Amino acid sequence: MADTQRLYNAILTGDTKTAQTAVKEALAEGIAPFDLVTKFMIPAMDEVGRLFECEEYFVPELLLAGRAMKAALEIIRPLMAAGGVTPVGRVVIGTVKGDLHDIGKNLVASMLEGAGFEVIDLGADVPAQKFIAAIEEKKADIACLSALLTVTMPAMRDTIEAMRQAGVRDRVKVMVGGAPVTQQYANEIGADGYSDNANGAVGMARQLIGVR
Ligand code: B12
């Protein structure tokens with residue numbers, strides 16, 4: 001049986017090589033990519049966050065764990081993407097300006113791809129103008145904004161306001177998310193949708209563009 005606890009521990013300790021090996025072994029044994037992410041990888045990152053909060057971990061440990069998580073996700077991502085079908089909708093996604101956290105955003109992007117959306121990933125630390133240019137150029141149906149810091153949450157509001165001023169706000173649905181974001185905050189800043197997890201983000205995206 002695949003040693004999935006090894007995957008959890010590898011992410012927790014920031015061991016990229018072992019994380020990648022453990023993912024490959026688990027996939028070879030037929031464990032579903034979705035299960036690997038939700039049952040082992042996200043819980044490992046949650047524990048990393050807890051250790052950071054109680055000052056057992058510091059920024060270097062966060063960086064290493066983040067790197068291991070990303071490397072493991074890179075193997076899984078193509079498997080979650082549905083290939084060769086007409087996209088059900090087009091999504092522009094990014095982490096807002098000033099914020100470098102991209103693991104949750106990458107996960108949402110992968111899940112949306114897996115659900116048949118075409119995803120244009122703008123990366124992290126994305127200024128409002130870059131969102132606006134991509135929405136126009138790619139004729140996006142949905143813009144997804146991610147923020148992990150309380151200090152970058154206002155950049156979501158600013159981005160939505162900039163969309164309004166540029167005249168693109170009415171052309172897209174806007175979804176927001178990230179650990180500190182709440183439904184109440186989403187309502188306050190005039191977003192159309194919110195979810196606290198990647199799976200819910202897919203459901204919300206479908207709902208917003210009227211796809212079952
Ligand atoms: C890994 C990590 C880092 C890594 C990031 C690596 C990377 N490439 O992303 C590094 C080391 C770079 C980092 C840096 C910092 N970090 Co940091 N980091 C974390 C940590 C431990 C995990 C975040 C994570 O990846 N979680 C796992 C993913 C899967 O969860 P998620 O992002 O929440 O995403 C899910 C949902 O929120 C949702 N979602 C996410 N985005 C979206 C978007 C949409 C549209 C939707 C619908 C849903 C959705 O779906 C996702 C999947 O289910 C958190 C602690 C925590 N538990 O959150 C701290 C944390 C976010 N960091 C924190 C801090 C303080 C910092 C620093 C300021 C530290 C410092 N002193 O330098 C810097 C800031 C750098 C910057 N400018 O951004 C604080 C934030 C506190 C606050 N309230 O603002 C936290 C909460 C730690 C803590 N408890 O204090 N960090």
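Biologist: Which residues does K105 touch, leaving out those up to four places away in sequence?
Modeller: Please bear in mind that this is a predicted model. In it, K105 touches I93, G94, T95, D121, G123 and S146, with residues up to four places away in sequence not counted.

Biologist: And where does K105 lie?
Modeller: K105 lies in helix α5, which covers residues 103-114.

Biologist: Is K105 buried or exposed?
Modeller: K105 has a relative accessibility of 3%. Buried means under 20%, so K105 counts as buried.

Biologist: Let us turn to the sheet. What is the order of its strands?
Modeller: The sheet is open and has 5 strands in the order β2-β1-β3-β4-β5, with parallel pairing. The edge strands are β2 (118-121) and β5 (193-194), each of which pairs on one side only.

Biologist: Which helices pack there, then?
Modeller: Among them is helix α6 (residues 128-138), which lies across β1, β2 and β3 and runs at about 165° to β1. Helix α9 (residues 198-208) also packs on the sheet, where it touches β3, β4 and β5. The direction of α9 makes about 165° with that of β4.

Biologist: How many residues of β3 are buried?
Modeller: Strand β3, residues 142-146, has 5 of its 5 residues buried. Both faces are covered: I142, C144 and S146 are buried on one side, and A143 and L145 on the other. In general, side chains in a regular strand alternate between the two faces of the sheet.

Biologist: How many bridges does β3 form with β1?
Modeller: β1 (residues 90-95) and β3 pair in the parallel sense over 5 bridges. Within this pairing, I142 of β3 is the bridge partner of V91, and I93 stands opposite C144.

Biologist: What about β3 and β4, how many bridges there?
Modeller: β3 and β4 (residues 173-177) likewise pair in the parallel sense, over 5 bridges. S146 stands opposite G177 in β4. From β3 the chain crosses through helix α7 (residues 153-166) to β4, and this β-α-β crossover is right-handed.

Biologist: Changing topic: at what angle do α1 and α2 cross?
Modeller: The axes of α1 (residues 4-12) and α2 (residues 16-28) cross at roughly 155° and come within 8 Å. Angles over 145 degrees count as roughly antiparallel, so α1 is roughly antiparallel to α2. The contact is made by R6, L7, A10 and I11 of α1 together with T18, A19, T21, A22, V23 and E25 of α2.

Biologist: Is that crossing left-handed or right-handed?
Modeller: α1 passes α2 in a left-handed crossing. Just after α1, G14 takes a positive phi of about 70°.

Biologist: And how far apart are the axes of α1 and α3?
Modeller: The axes of α1 and α3 are 9 Å apart, and the two helices pack at an angle of about 35°. α1 passes α3 in a right-handed crossing. On the α1 side the contact is made by T4, L7, Y8, I11 and L12. The residues of α3 in this contact include L36, F40, M41 and L51.

Biologist: Finally, which residues of α1 are buried, and what covers them?
Modeller: The buried residues of α1 are T4, L7, Y8, A10, I11 and L12. Their cover includes α2, α3 (33-53) and α4 (59-80).

Conventions:
Residues are numbered from 1 along each chain as its sequence is written. This is a predicted model: local features need pLDDT of at least 70, side-chain atom pairs count only at pLDDT 80 or more; totals for chains, interfaces and linings use all residues. Side-chain values use heavy atoms; hydrogens and water are left out. Buried means under 20% relative accessible area, exposed over 50%, partly exposed in between (1.4 Å probe, protein chains only). Helices (H or I, at least four residues) and strands (E, at least two) are DSSP runs, numbered from the N terminus. Two strands pair if DSSP finds at least two bridges between them. A crossover is right-handed if, with the strands pointing away from the viewer, the path from the first strand over the helix to the second runs clockwise. Axes are lines fitted to C-alpha atoms, for helices over the stretch in contact, and angles run from 0 to 180 degrees between N-to-C directions. Angles under 35 degrees count as roughly parallel, over 145 as roughly antiparallel, 65 to 115 as roughly perpendicular and the rest as oblique. A crossing is left-handed if the near helix is turned anticlockwise from the far one by less than a right angle, and right-handed if clockwise. Contact means heavy atoms within 4.5 Å.
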